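Please keep the structure in view while reading.

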Amino acid sequence: MNRAQQALYEMKQTDELAMMDSPVHRFSALSKLMVTVIYIVTVMSFSKYDFGGVFMMALYPYLVFQLSGLSFKLCMYRMRYVIPLVAFVGIFNPFIDRTVMFQARFLSVTGGMISFVTLMIKGILCLCAAFLLSGTAPVDEICGALRRLHVPSVFVTVFLLAYRYMSVLMEEVAVMSDAYHLRAPRQKGIAFETWGSFLGQLLLRSMDRAQELYAAMQLRGYDGEFRQTGNTKDRSVSFVWFVVWTAVFLILRFVPVASLIGNLFVRQL
Amino acid sequence: MIEVKNLTFAYEKEKPVLHDISFTVKDGERIGLIGANGAGKSTLMKVMLGLLDGEGSVIVEGIPVTQKTLAETRKKLGFVLQNSDNQMFMPKVYDDMAFGLLNYGMNKEETEKKIDEVLSSMHIEYLKDRYNHRISGGEKRMAAIATVLAMEPSALLMDEPTSALDPKNRRMIIQIINDLKQTCIITSHDLDMIMDTCSRVILIDEGRIIKDGPAVEILRDRKLLEAHGMELPLSLSRL
Ligand SMILES: Nc1ncnc2c1ncn2[C@@H]1O[C@H](COP(=O)(O)OP(=O)(O)OP(=O)(O)O)[C@@H](O)[C@H]1O
Ligand SMILES: [Mg+2]
């Protein structure tokens, strides 16, 4: 497999994950979408030194991984390119913010260190939440949920097409790079001189295909609305899912659960 | 009835790909659209569907194909694309088949019933729950044809329906086309298939209609076919 095929495979794999069956998969996409958005907002709203609070938020991805049967390893593997970016954003914090927060034996823990770790965890948690959404709800159902939230159909269509276009683009990259390497067997990458024509060709080819794909959708009556095909989702259970998690997030956000648990231990010692 | 009148189309100005094409298709008629590579067959179909804007007019059951009437006319015309990869865009074959039906307001039970019916008539029930990226090119072609048949259009336009099919499935498609009651317009380089399915043939070359007439006449005319970059159907050339 070349790298484009690998990327394509991962994308299609997400589609397949979303089609699995588990308690979480059976909730409506709307409730999962809302829970995810509220989760991300909550995680992001913690102060940059509130390591304990952010850490407690891992409860949600932990439980959803358990319930949905999605693999945490796979999730981490998928994030292998994004995590370094998150790390890069916060990497300078320890050098800038040097106020010592507390002393752990010989190491003085500074504000910068704490905020760096907190930021990393925030990033990973949000990525996990996004992965869990895409792995438990097919993209069409997510689009349908966006429509029900009254997101204009233009945006939803653009989002859906961008998603489909990505796989078309990757397919073309895969085919073209195979064609290239069959005729340049000793080269590792694609020679720098041919980048321009390769990319230009890629753009044209994938645009043609995307256009035809959109035509195929139009020919079958696509008008910006989504009519779900999945099994009828149980609305009341989905609603409970949404309410329960919203409540849990609010508690975790405004009640210092981490330090309460900490105190509990200290008192017992 | 489908009427095509004085259709002219160019991808790039000054270089028309279709020149003044006119013909009429009666209800239930089977038409083979033949011509060498690049003759303009796929382009003609796309203009008829309103996917490309040409000059001239296309009238489907009394309704002219224009931007305003697309929803109506497209419901009447089913199109099997030359490239099935572009036709199938949902994760599973089932979703793809359901997509059009749900869009045109069928409910879930009816949709499911219709899909089962079409799949079993084509003997491809096993494809129902398969992922589109995990089926072979020929299976995808069969599935693409199934998605279009499920919508029960009043006319079908098929761009190379038998390319990529093995002999068994090719025969199956010929059988299916012959059992259909709808109007069919079929392009193909498989002239034997055209011979088995169509009563009338339109031969185009460089975007012009060269000849329009009974299939038996045109497909037997070795001189005519060779002059326009084609060969006699195999079944006839052996004689
Ligand atoms: N997107 C495009 N832009 C410009 N020219 C095009 C485009 N698509 C096709 N053409 C040109 O239009 C002409 C007709 O193409 P078309 O695809 O209709 O041929 P065809 O008869 O379907 O051929 P084939 O048997 O190979 O499928 C060709 O000369 C082709 O080069
Ligand atoms: Mg063609």
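E212(A) counts as buried, at 19% relative accessibility, where buried means under 20% relative accessible area, exposed over 50% and partly exposed in between (1.4 Å probe, protein chains only). E212(A) forms a salt bridge with K46(B), with 2.9 Å between the closest N and O atoms; the term denotes a side-chain nitrogen of Lys or Arg within 4 Å of a carboxyl oxygen of Asp or Glu. The pair crosses between chains, running from helix α12 of chain A to helix α1 of chain B; helices (H or I, at least four residues) and strands (E, at least two) are DSSP runs, numbered from the N terminus.

This is a predicted model, in which local features need pLDDT of at least 70 and side-chain atom pairs count only at pLDDT 80 or more, while totals for chains, interfaces and linings use all residues. Residues are numbered from 1 along each chain as its sequence is written, chains are lettered from A and ligands numbered from 1 in the order in which they are written, and side-chain values use heavy atoms, with hydrogens and water left out.

Between chain B and chain A there are 3 salt bridges. Another pair is R220(A) with D96(B), whose closest N and O atoms are 3.0 Å apart. The contact (heavy atoms within 4.5 Å) draws 28 residues from chain B and 23 residues from chain A. Together the chains bury about 2,600 Å², 57% of it on carbon and sulfur atoms; buried area is the accessible area (1.4 Å probe) that two parts lose on being put together, summed over both. N86(B), F89(B) and N103(B) supply 23% of the area that chain B buries against chain A, more than any other three residues.

S42(B) lies in α1 and Q82(B) in the loop between β6 (77-80) and α3 of chain B, so the pair ties together parts that are 40 residues apart in sequence. Q82(B) is partly exposed, with a relative accessible area of 38%.
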